[in-house]
Amino acid sequence: MVYLDFAATTPVLPEAMQAACASMTERWQNPSGRYAAAAAAAKALDADRATIASALGCGKDELFFTSCGTESNNWAIRMAAQRSRRRGRHIITTAIEHASVLETCRALEQEGFEVTCLPPTPDGHIDLEALRAALRPDTILVSMMLVNNELGTQLPVAQASRLVKQISPEILFHTDAVQAFLKVPFSPRTLGVDLLSLSGHKVHAPKGVGALYVRKGLRFPALLTGGGQENALRSGTEATAQIAAFAAAVRTCHATAQVDWARMNDLKVYVLDKIARELPSVEQIVVSDAPHILALTMPGYKAEVLVRVLGDRGVCVSAGSACHRGKPSHVYAAMKLDKARRDGSFRVSLDRATTRADLDTLVAELARARELLFPTMS
Ligand code: PLP
């Protein structure tokens with residue numbers, strides 16, 4: 001199999017599996033217990049939190065574990081709205097956010113909040129002047145993702161947060177960094193954000209674990225009340241095995257991040273060059289900034305069919321975002337791509353272990369699919 005859908009999910013690294021296994025067999029006790037074995041589990045949890053916090057560039061007391069990126073985004077947005085509702089009811093986000101941000105904002109609209117969705121520029125970025133124009137005295141939150149999951153573009157979060165904080169330090173700034181973590185260099189402080197979401201399964205940890213960064217000193221409402229875990233902000237017995245795996249995966253990926261980024265960028269140049277020479281009917285939709293995502297289109301063809309034909313030959317790519325389960329991509333709609341380009345759009349996403357041979361297979365199978373589908377699609 002040639003798997004090129006790493007923006008959808010990644011395989012669990014062996015060291016992450018081993019860490020989860022050790023947690024489940026050797027340190028399975030409840031970290032809240034009052035005996036020595038429980039203290040060992042609590043100590044391991046603390047060390048895992050420190051590992052991820054250090055890779056992210058924040059204090060371990062600023063990192064709170066969740067079950068996934070979706071939960072982190074929901075928590076950040078809902079609780080930011082709850083915290084600031086007396087000051088205002090206006091939220092700004094972008095039209096190209098992940099559904100876990102957009103649907104949460106939509107739900108808040110039902111509760112009386114007003115949401116402004118900034119449209120993307122034709123190259124898949126966000127215009128800071130549009131953000132400035134959207135800010136109002138009653139704006140309480142701006143949520144702007146760092147790397148877009150369908151386009152691979154990096155949005156100007158640092159500049160946007162600076163602009164917002166200059167106008168009003170009271171406005172909270174959240175960024176969904178699920179696709180950016182360990183793919184592009186940043187820290188919450190260099191970005192100047194208050195809240196930042198992560199997901200484990202995008203960085204070789206198992207599904208079922210994520211994290212929310214909450215800036216130190218920010219009084220933020222609890223998501224779950226109960227036994228007081230996660231500094232009383234997200235109660236519930238900690239998912240120690242998933243967290244152990246998350247930390248092990250982050251340790252490995254962080255150690256080789258610079259080399260991996262350079263390799264993936266080289267691979268991107270390699271495959272784009274090969275496509276330009278061998279498959280001129282395939283176009284890049286926008287120039288991606290992140291090293292692991294390529295947004296491509298074969299105008300005149302249906303991406304769902306193309307993806308199925310490639311899949312039958314063992315080549316896994318995605319049509320639009322895997323999270324949309326076949327629904328048309330809101331990102332491409334917001335980009336106002338013409339129908340032929342939108343229908344033919346697919347995403348190729350790379351990983352630290354992707355090789356030139358994988359990409360050679362992709363290009364060969366795309367060429368084969370084009371020949372095969374041509375009679376029906378012409
Ligand atoms: N945000 C972005 C940008 C994503 O790409 C995804 C998943 O694809 C999520 C959030 C949701 O993360 P999770 O699958 O951990 O809920």
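A polar contact is a pair of N or O atoms within 3.5 Å; within protein, one atom must be able to donate a hydrogen and the other to accept it, and residues adjacent in sequence count only if both atoms are side-chain atoms. The structure is a predicted model, in which local features need pLDDT of at least 70 and side-chain atom pairs pLDDT 80 or more, while totals for chains, interfaces and linings use all residues. Residues are numbered from 1 along each chain as its sequence is written, and side-chain values use heavy atoms, without hydrogens and water.

The ligand is surrounded by 15 residues (a heavy atom within 4 Å), and the closest include Gly69, Thr70 and Asp176. Nine residues of this shell are polar, four nonpolar and two charged, with Gly counted as polar.

Thr153 is situated in the loop between β5 (139–143) and α6 (157–167); helices (H or I, at least four residues) and strands (E, at least two) are DSSP runs, numbered from the N terminus. With a relative accessible area of 0%, Thr153 is buried (under 20%, 1.4 Å probe, protein chains only). Its side chain reaches the backbone oxygen of Gly124 at 2.8 Å. Beyond four places in sequence, Thr153 touches residues (heavy atoms within 4.5 Å) including His125, Leu146 and Asp289.

Terms used. Buried < 20%, exposed > 50% of the residue type's maximum accessible area, 1.4 Å probe, protein only.
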